[in-house]
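This report looks at strand pairing and at backbone geometry in loops. Please keep the sequence and the structure in view while reading.

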Amino acid sequence: MLSAFQFQCHFILIFLAASKGETRYLEVRDASEDEPFLLLSEDLKRELSAGQIYRRSLRCIDMLSIEGQFTFTANQPQLHCATFFIGEPEELITINYDFVNIDCQGGDFLKVFDGWILKGEKFPSSLDHPLPTSQRYVDFCESGSIQRSIRSSQNVAMIFFRIHQPGNGFTITVKKNTNLFPCNVISQTPSGRFTMVIPHQHRNCSFSIIYPVVIKISDLIVGHLNGLFLKKPTAGCAGVGDFVELLGGAGLDPSKMFPLADLCHSFHGSAQMKIGCDNTVLRMVSSGKHVNRVTFEYHQLDMQETENRKENSIEEFCFPSI
């Protein structure tokens, strides 16, 4: 059975893929051709190819992966609403306020959060985001017209809003921008391939997959300097400034997950693991002294694979929850 966390995340992603002409624009590089998340409405394709701006109304709980203009108008008091935004791994999201009619003095609010929050857990975690948590919120009622355009630091963002008076609401325009070096990413689909590169930057980057998966690392370069690799440590990755770790857990925040494996030896080849957790994260820690790179592919675990837990798999951790 799905955990509550998986149910929430899968609802968001499946809702996005199956909204029949409203929010159905999901792609992932190197996914299989029959992947259901890749189905696009022909009407939407023609609309976008013609250069038209995509427009529709927002629901109280909603999900967007497409550029366009979106309007929310309350038909009754709406006290607990949120819209999740997601792009491709190499995209950033810009949210522009076109029109806002809310009663800030009466308790309404409209806030953008740089990342996602589910059940109080954040992605990216506080350890991996370039801003402190307090600066990741932009409150319209505090900033007003001073900051009418907000850009995310990764491929996900969200807005929270509360509107008491029927008829009040807002209009936003969502745009995508290219991110040359994607750092923190939530995968839109349960399968794909990705290369993460951190070029001489002191930062930590996480790639989150909200499914039990088989993950295969095919190329890893960490701690590379002037054509030479640093001496291999004798025990794990303790004290090493550059490494990759695999994490698993039942929540969204990588800092609260269980460490499954550390990789601090550069290699070209294949290292595969089966991880039966609700959420799997590949996280790269970089000292900023080197250009670090990891290439990996992943696909969702099926029942046959969960029964055969051999060859480089995490034998016990997480599998009972599948």
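Which residue in strand 12 is the bridge partner of I95?

## Basis of the description

This is a predicted model, in which local features need pLDDT of at least 70 and side-chain atom pairs count only at pLDDT 80 or more, while totals for chains, interfaces and linings use all residues. Residues are numbered from 1 along each chain as its sequence is written, and side-chain values use heavy atoms, with hydrogens and water left out.

## The open sheet

The bridge partner of I95 in strand 12 is V174. Strand 5 (residues 91-101) and strand 12 (residues 169-178) run antiparallel and are joined by ten bridges; strands here are DSSP runs of E with at least two residues, numbered from the N terminus, and two of them pair if DSSP finds at least two bridges between them.

Both belong to an open sheet of five strands with mixed pairing, in the order 1-3-12-5-10. Its edge strands, each pairing on one side only, are strand 1 (55-57) and strand 10 (149-151).

## Partners of strand 23

Strand 23 (residues 291-300) runs antiparallel to strand 14 (residues 192-199), with eight bridges between them, and eight bridges also join strand 23 to strand 16 (residues 213-221), again antiparallel. Within strand 23, V294 is the bridge partner of M196, and L220 stands opposite V294 as well.

## Backbone geometry in loops

The peptide bond between F123 and P124 is cis, with omega about -10°, and P124 is found in the loop between strand 8 (121-123) and strand 9 (137-139).

K119, although not a glycine, has a positive phi of about 55°, and its place is in the loop between strand 7 (116-118) and strand 8. H200, in the loop between strand 14 and strand 15 (204-209), is likewise a residue other than glycine with a positive phi, near 55°.

Conventions
Helix = DSSP H or I, 4+ residues; strand = E, 2+ residues; numbered from the N terminus.
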